[in-house]
Amino acid sequence: MSKSTIYVKRVGWDAKLVNESYPWIERRIAHKPKLAPWQRAVRDSLLEVGISPFNGFTYDHKYGTKVGGTIFDDSGRRHTAAELLISGNPQNLNVLIHATVQRIVLDTSGSKPKAMGVVFKDEHGEEHQAFLSRNPGSEVLLSSGAIGSPQMLLLSGIGPKADLEKQNISVVLDNKFVGKGMQDNPMNTVFVPTNKPVRQSLIQTVGVTKMGVYIEASSGFGQSGDSIQHHHGIVSAEIGQLPTIPPKKRTREAIQAYKDSKEDLPFEAFMGGFILEKLASPKSKGHLSLINTNPDDNPSVTFNYFSHPFDVKRCVYGIRMMEKIVNSKHFINYTRLDKASADKLLNLSVKANINLLPKHTNDTSSLEQFCKDTVITIWHYHGGCHIGKVVGPDYRVLGVNGLRVIDGSTFFESPGTNPQATVMMLGRKR
């Protein structure tokens, strides 16, 4: 039984409907990648160190090594969920661009609150209201993601009573679980230099271990002097690594200090690639809360990466596995480097400056500390509106009529190597 099958069974989905919905998504936006040289080297090395069997190209998450799908086609064009709208009936669909929802309109005159519509702002900042039709089956579907959906429920008066009253929000429904159980799949990287430029690639080969650690790879970021000063792909603090530090430390000064320190990085520092390890089903959990009642301001989110010892244990396992891969015959044949010192590579990875966390002097001698100091996000946020706590099995908000949440905030774990397909499948299935 594949990991995908296990997940579907655990969450109680209709397996037949799921198996019909996934291919519908895949046919429209997913593609088989052209495997880059770096990815081939990682594939062969994964098998060499025992992450087997080789499962070929597959969307399923079977134990072993595989080549996964990509949303980039052969010409390099990226495909997104927006393209799925083409398959909809245009007569039943109106899309308002530049519209930002402020809150859900709830009728509290009955025995149970009922969603009636939403308040939104246009591009000029003017407020409007959109109401449901009189059809008895009309509903408001909330799909603002793992951060936006619990935030919107809180702004609308659905959530922990004490938290709502703290922001002077009228309590429509007291539910202590809204915004709780926030999780993210922590990722750590080992940087591997090469003596020549490598072709850019982004997560094509995947090793799925029985420890719940996924081994992946990227390459070719930072090949120009300009990019060294601006970004180096997914391991870049400028494009979203702020969640790795506590909320009160997420300041403009911290970002500027990070950028300033990057100016000292030599050009050669990114002539190579990364081996990545990501934890599936982390045990560490955090929470989300409002900092004010302005929907345009992000809420405060804490994921508490590696607060659970089992997550740390699995990360150390993943780092040791990456060390084996880097020193494997296939990988050394590709990089043309001498057998690398593990400490040397870990030290390079610490100095790669991939997040805003302070580093410790024992990072390379303590893999546990290395995991905590070099953690980065790959933006697989989930939780905050869990099934059975905030929504029911049909994704209707508990205690409220006419309101559902359909997105990753309902997940108690992020399935697979990337949750995009599952989120899209859920939209299709529902």
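Me: Which residue takes a positive phi in the hairpin of β4 and β5?

Reply: That is Gly125, with phi near 85°, in a hairpin with five residues between the strands. This is a predicted model, where local features need pLDDT of at least 70, side-chain atom pairs count only at pLDDT 80 or more, and totals for chains, interfaces and linings use all residues. Residues are numbered from 1 along each chain as its sequence is written, and side-chain values use heavy atoms, leaving out hydrogens and water.

Me: What makes β4 and β5 a pair?

Reply: Pairing needs at least two DSSP bridges between two strands; β4 and β5 have five and run antiparallel, so they pair. Within that pair, Val118 stands opposite Ala130 in β5.

Me: How do you know that Tyr22 lies in a helix?

Reply: Helices are DSSP runs of H or I with at least four residues, and strands are runs of E with at least two, numbered from the N terminus. Tyr22 falls in α2, residues 15-29.

Me: What does Tyr22 touch beyond four places away in sequence?

Reply: Ala421, Thr422 and Met425, contact being heavy atoms within 4.5 Å. The C-alpha of Tyr22 is 9.4 Å from that of Tyr59, 37 residues apart along the chain.

Me: Why is the largest pocket called a pocket?

Reply: Because it is an open set of points on a 1 Å grid over the protein atoms alone, where a 1.4 Å probe fits, with protein on both sides within 12 Å along at least five of seven lines. Its space is about 1,900 Å³, the volume filled by probe spheres set on the points, joined across faces, edges and corners. Of its 44 lining residues (an atom within 4 Å of a point), those closest to the centre include Leu85 and Ser143. α12 gives the most, five residues.
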